[in-house]
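Try each task before reading its solution.

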Number of protein chains: 4
Amino acid sequence: MEYINDLKWTKGMKVKDLVANYQNLGYQSIELKKASDVIVKMKKDSAKVFLTFTSNMVTSGLRGFFAQLIRLKMADIIVTTVGGIEEDVMKASGERFQVGRFDSDDVELHEKGINRVGNILIKNESYMRFEDMVLEILNNLYSKQKRWAVSDMLKEIGLTLSDENSILYQASRNDVPIFCPAITDGAFGFHLYLFQQKHPDFIVDVVKDFGNILLSTSQDEKKGVIALGGSISKHHAILSTLLNGGANYAVYMTTAHKTSGSMSGATTEEAKSWGKVQHESDIATVIGDVSITFPIAMIAALEELSEEGLL
Amino acid sequence: MEYINDLKWTKGMKVKDLVANYQNLGYQSIELKKASDVIVKMKKDSAKVFLTFTSNMVTSGLRGFFAQLIRLKMADIIVTTVGGIEEDVMKASGERFQVGRFDSDDVELHEKGINRVGNILIKNESYMRFEDMVLEILNNLYSKQKRWAVSDMLKEIGLTLSDENSILYQASRNDVPIFCPAITDGAFGFHLYLFQQKHPDFIVDVVKDFGNILLSTSQDEKKGVIALGGSISKHHAILSTLLNGGANYAVYMTTAHKTSGSMSGATTEEAKSWGKVQHESDIATVIGDVSITFPIAMIAALEELSEEGLL
Amino acid sequence: MEYINDLKWTKGMKVKDLVANYQNLGYQSIELKKASDVIVKMKKDSAKVFLTFTSNMVTSGLRGFFAQLIRLKMADIIVTTVGGIEEDVMKASGERFQVGRFDSDDVELHEKGINRVGNILIKNESYMRFEDMVLEILNNLYSKQKRWAVSDMLKEIGLTLSDENSILYQASRNDVPIFCPAITDGAFGFHLYLFQQKHPDFIVDVVKDFGNILLSTSQDEKKGVIALGGSISKHHAILSTLLNGGANYAVYMTTAHKTSGSMSGATTEEAKSWGKVQHESDIATVIGDVSITFPIAMIAALEELSEEGLL
Amino acid sequence: MEYINDLKWTKGMKVKDLVANYQNLGYQSIELKKASDVIVKMKKDSAKVFLTFTSNMVTSGLRGFFAQLIRLKMADIIVTTVGGIEEDVMKASGERFQVGRFDSDDVELHEKGINRVGNILIKNESYMRFEDMVLEILNNLYSKQKRWAVSDMLKEIGLTLSDENSILYQASRNDVPIFCPAITDGAFGFHLYLFQQKHPDFIVDVVKDFGNILLSTSQDEKKGVIALGGSISKHHAILSTLLNGGANYAVYMTTAHKTSGSMSGATTEEAKSWGKVQHESDIATVIGDVSITFPIAMIAALEELSEEGLL
């Protein structure tokens with residue numbers, strides 16, 4: 001039986017101390033502590049960990065944190081959307097995004113050639129430089145083979161990068177496959193199309209990649225899912241674990257609620273309907289902005305694993 | 001200058017009358033009336049209309065409404081996720097989904113072989129019968145050609161169906177392409193994978209399909225987007241119109257807010273940053289459950305267009 | 001066993017027809033139909049109905065609808081916040097509010113002497129004219145007695161109004177008490193304070209009014225709650241019914257979710273913990289903007305009651 | 001010009017370090033850092049600080065944190081709802097609340113005599129013991145005078161408590177008035193009513209208390225508002241500062257969005273329409289669960305003030 005305890009600030013308080021307090025604080029703070037604990041549990045149990053996130057998180061500074069997590073072996077399989085891949089590559093080549101405002105004048109931004117994602121700004125030039133890079137990347141890929149599974153293509157791209165804060169860089173060097181089930185849904189898709197117009201035998205094989213994600217784990221392995229935000233990233237990871245018998249651990253962090261029946265808002269209770277997750281203590285859903293909640297929960301987990309010599 | 005007016009019920013009130021009242025009611029009801037007006041405007045201006053929705057809406061009874069809208073020429077291009085395609089086909093072959101509860105006992109449901117999407121229930125058997133159908137569908141496709149763009153494949157499937165309430169049925173017969181940028185992210189993806197294992201030369205060409213959606217409209221044509229929910233369906237339609245100069249009209253209906261920088265919550269203000277939408281009166285964002293808001297807004301638009309002899 | 005049915009538009013569709021379709025549509029539309037049914041049930045069962053709403057709903061055109069509902073005997077007890085009372089009185093004296101925009105330039109509005117509530121605009125002058133009225137109202141009240149329970153005071157004010165669309169007008173003439181547990185939390189509170197400075201024996205007796213709301217129903221009577229939005233309006237009605245044995249019927253319509261433990265987001269499941277509501281079919285929670293959802297649900301209920309000769 | 005920076009975990013990371021990173025992270029994390037900065041600014045500028053919160057936050061372990069903040073002179077005026085006052089007193093007399101689950105079986109809880117607030121559980125016995133205390137409290141108050149302004153009454157109650165983690169205890173000893181504009185909206189209201197039945201000359205003077213909150217600051221003083229959640233607590237503080245020329249600093253932390261025109265979701269942009277807040281840097285709105293966001297933002301502010309010798 002856990003009781004609610006009064007929170008007290010003590011000078012020099014660490015993230016880990018605060019999260020320890022969350023356990024007895026109330027509402028979503030309790031869920032966040034649970035999420036942190038489930039992450040620790042999945043690592044201790046040597047589960048294969050699917051980490052999924054949406055493009056807007058890569059637009060944010062979480063991008064470097066994801067790269068660090070891959071390097072620390074906290075993620076074994078990545079699922080994301082193509083915008084995130086584009087922006088990771090842009091950043092790896094030196095582009096910097098600016099802090100903006102949610103209530104900007106969008107007409108004015110447009111005139112200045114600036115694109116807005118919430119309170120983050122991306123210049124048109126960043127996309128233009130990306131274009132320049134892509135043609136070289138595709139020529140290089142095409143010279144090796146004509147038919148590419150998406151995750152293999154992304155690994156090749158990652159190997160060409162030299163930024164340690166890059167998701168693709170770390171994934172390619174740590175044997176962590178990156179799956180992106182809608183690879184054409186972004187500027188990259190447009191460039192793939194232009195390239196295929198010149199090279200009709202160039203094929204991006206999404207069907208083969210579905211096999212790759214299936215084979216990235218097995219029925220026998222323990223599996224964990226950390227899904228940040230909703231979208232096909234979350235769905236694709238859940239689907240993959242489901243076809244291999246279901247996840248043993250699941251942490252969902254999202255702003256979406258379950259009341260509209262959307263994938264973004266679907267709760268970890270579903271995990272129970274998969275028939276694999278048995279214990280309440282192995283699932284957690286945290287409602288809130290991932291840019292706030294994920295670093296706290298994950299940092300507390302990292303501190304715990306570090307203290308136990310498991311990092 | 002519009003004033004707030006007191007709402008009054010009158011006996012036998014029509015949906016259209018209520019929506020007319022919304023114009024002067026307040027908060028999201030005003031936005032809903034605006035959405036209905038923008039839909040009327042895009043039709044009157046002969047814009048090519050992109051209608052996008054997520055799978056959970058096809059799970060719901062909106063599926064038949066979407067089919068009707070295609071038949072009525074209210075949508076020229078469909079973008080959705082693969083779950084919706086699977087369920088449209090299931091329903092076309094006689095499967096029925098049940099009304100459930102949001103707070104069901106998921107362990108109990110699992111034991112009964114029932115899957116839950118919010119307050120809607122789908123039996124495992126429905127998926128199993130879908131499996132049986134798929135092999136025949138794929139054999140048939142493969143016999144015609146080895147390499148398929150996704151929208152061409154979906155048209156072929158639609159032509160095999162005989163249910164007038166089916167989205168694929170109506171789309172295939174009304175020359176409305178259905179785009180699905182993440183075709184493998186569902187049970188169908190698994191069957192594609194199994195089929196390709198036997199037939200390695202079977203290729204689903206997502207890159208070619210990106211060309212198809214680009215060519216489905218042009219720079220010169222007026223373009224409108226009706227995006228229900230978020231996800232890649234919404235993003236893919238916006239991206240496609242953007243590459244052709246931007247949409248002239250945009251209606252977003254969603255439960256997501258813009259505060260987390262997600263695609264689901266991105267507002268129509270963005271449309272202004274595209275540099276195409278100039279007038280406030282041509283865009284509308286309605287926050288609310290689409291199962292409630294979309295039928296009201298669209299029915300009012302249909303009544304209006306019908307009265308003006310445009311349906 | 002209810003099944004999901006495909007929605008179909010038919011020309012001239014009535015609100016009632018649409019709500020009938022909601023029963024088999026999905027997600028919140030199903031809950032909305034349930035809410036409409038619970039309203040019908042509470043009336044058929046002759047329950048005393050508590051209708052609660054927040055000030056911003058009176059700012060909107062729902063104000064006239066609430067007045068109509070009181071006239072139609074659809075509400076027996078009103079609980080609201082003082083802003084709503086002020087605005088009802090302003091409107092009764094001819095003030096009109098304008099339709100504005102959520103993303104207005106607030107500095108510019110301030111310079112023009114305009115106050116914004118979401119997408120509704122109120123001029124400073126409307127408040128100034130209200131000030132002029134209040135002194136007369138208070139003088140009149142004070143001449144009758146020195147100590148006033150809030151609901152008695154509001155009844156007296158209502159009797160002085162001559163606008164049939166006014167909540168206070170209809171309430172005072174239909175013996176429907178209006179409770180406002182935080183009567184000082186608005187411009188009216190400031191005027192009460194100034195008046196008391198001159199007349200120290202003028203007393204607003206909130207404690208006595210708690211007795212009034214308690215005695216407005218009894219243990220033996222059936223009780224129903226229709227709570228729109230959260231706030232103390234909702235809480236006060238629930239508390240009052242609780243002290244009389246709990247509500248038999250409860251409909252909550254709100255944009256708030258239960259995940260933060262707030263009163264606004266508390267669900268009707270609580271009603272079960274009161275030990276009075278036994279059947280699932282007697283409670284409903286609808287997530288969505290009340291300016292859209294309440295008119296639909298209530299109009300469908302009114303049509304039903306009207307057809308059965310109960311209005 | 002601020003840039004987005006990659007987040008990196010470093011061992012032993014302090015809350016303050018994480019919040020420093022939030023400045024360049026993205027979405028709500030940026031707003032949270034801004035909120036923390038605004039809190040520091042209002043203290044450095046010697047503003048009178050209004051701290052407002054809803055009852056459910058006192059149910060949680062934030063209660064002891066609020067008490068600590070009062071002791072540290074971080075709040076000069078408190079505004080809350082009566083449930084919070086009741087629960088602060090219960091806890092001061094030794095009652096403990098338990099950690100529960102959002103998806104509890106409410107019928108079962110009812111049978112066990114347990115009340116649920118989100119994922120926090122309160123036993124019926126806690127309320128019963130509160131009842132026993134209240135009669136003594138009221139007898140004591142009545143023996144001193146017959147007519148009480150609410151904040152004076154709450155100060156008297158605070159002086160009788162001996163728990164340093166109690167909000168009322170700290171407020172009464174640090175000359176911080178607690179305002180509660182709807183004092184009857186809870187169990188305490190019921191007891192006030194019963195007491196007045198026996199002692200008709202016992203008066204709770206809410207009008208006088210409106211004068212007290214007005215006089216707690218002046219036109220000339222700098223004023224800051226930290227509003228946690230919505231409700232009349234937030235509105236009452238804003239109203240009070242408005243009547244004294246507007247707040248100079250405002251931090252709103254809430255789960256509510258502005259799209260429904262509710263007070264809970266009203267943004268700090270309003271502060272600009274008051275004509276007092278001039279600079280963007282003096283206001284912040286953070287969307288998220290206060291049990292997570294407030295401790296982080298406030299702890300970072302406390303560390304900063306502490307380092308500068310201002311605590």
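**Exercise 1: an enclosed helix**

Solution. The model is predicted. Start with the burial count: a residue is buried if 20 or more other C-beta atoms lie within 10 Å of its own. Next, name them: D:Leu62, D:Arg63, D:Gly64, D:Phe65, D:Phe66, D:Ala67, D:Gln68, D:Leu69 and D:Ile70. Then look for the cover. It includes β1 (48-52), α3 (55-59), α5 (82-92), α9 (167-173) and α14 (290-307) of chain D. Finally, check what follows the helix. Just after α4(D), D:Lys73 takes a positive phi of about 65 degrees.

**Exercise 2: a helix pair**

Classify the packing of α5(D) against helix α10 (residues 187-198) of chain D.

Solution. The two axes come within 8 Å and cross at roughly 90 degrees. Angles of 65 to 115 degrees count as roughly perpendicular. The helices α5(D) and α10(D) are therefore roughly perpendicular to each other. Now list the contact. α5(D) supplies D:Val82, D:Ile85 and D:Glu86, while α10(D) supplies D:Ala187, D:Phe188 and D:Gly189. By class, that makes four nonpolar, one polar and one charged.

**Exercise 3: a chain interface**

Describe the side of chain B that touches chain C.

Solution. Count first: 50 residues of chain B are in contact with 49 of chain C. Elements of chain B giving two or more residues are α1 (15-22), α2 (28-44), α4 (62-71), β3 (98-99) and α14 (290-307). Of these, α14(B) gives the most, with eight residues. Last, sort this side of chain B by class: 23 nonpolar, 19 polar and eight charged residues.

Note on methods
Residues numbered from 1 in each chain as written. Chains lettered and ligands numbered in written order. Predicted model: local features only at pLDDT ≥ 70, side-chain atom pairs only at ≥ 80, totals over all residues. Contact = placed C-beta atoms within 7 Å. Helix = DSSP H or I, 4+ residues; strand = E, 2+ residues; numbered from the N terminus. Nonpolar A, V, L, I, M, F, W, Y, C, P; charged D, E, K, R; others polar. Buried ≥ 20, exposed ≤ 12 C-beta atoms within 10 Å, placed from the backbone. Axes fitted to C-alpha atoms, helices over the stretch in contact; angles between N-to-C directions. Parallel < 35°, antiparallel > 145°, perpendicular 65-115°, else oblique.
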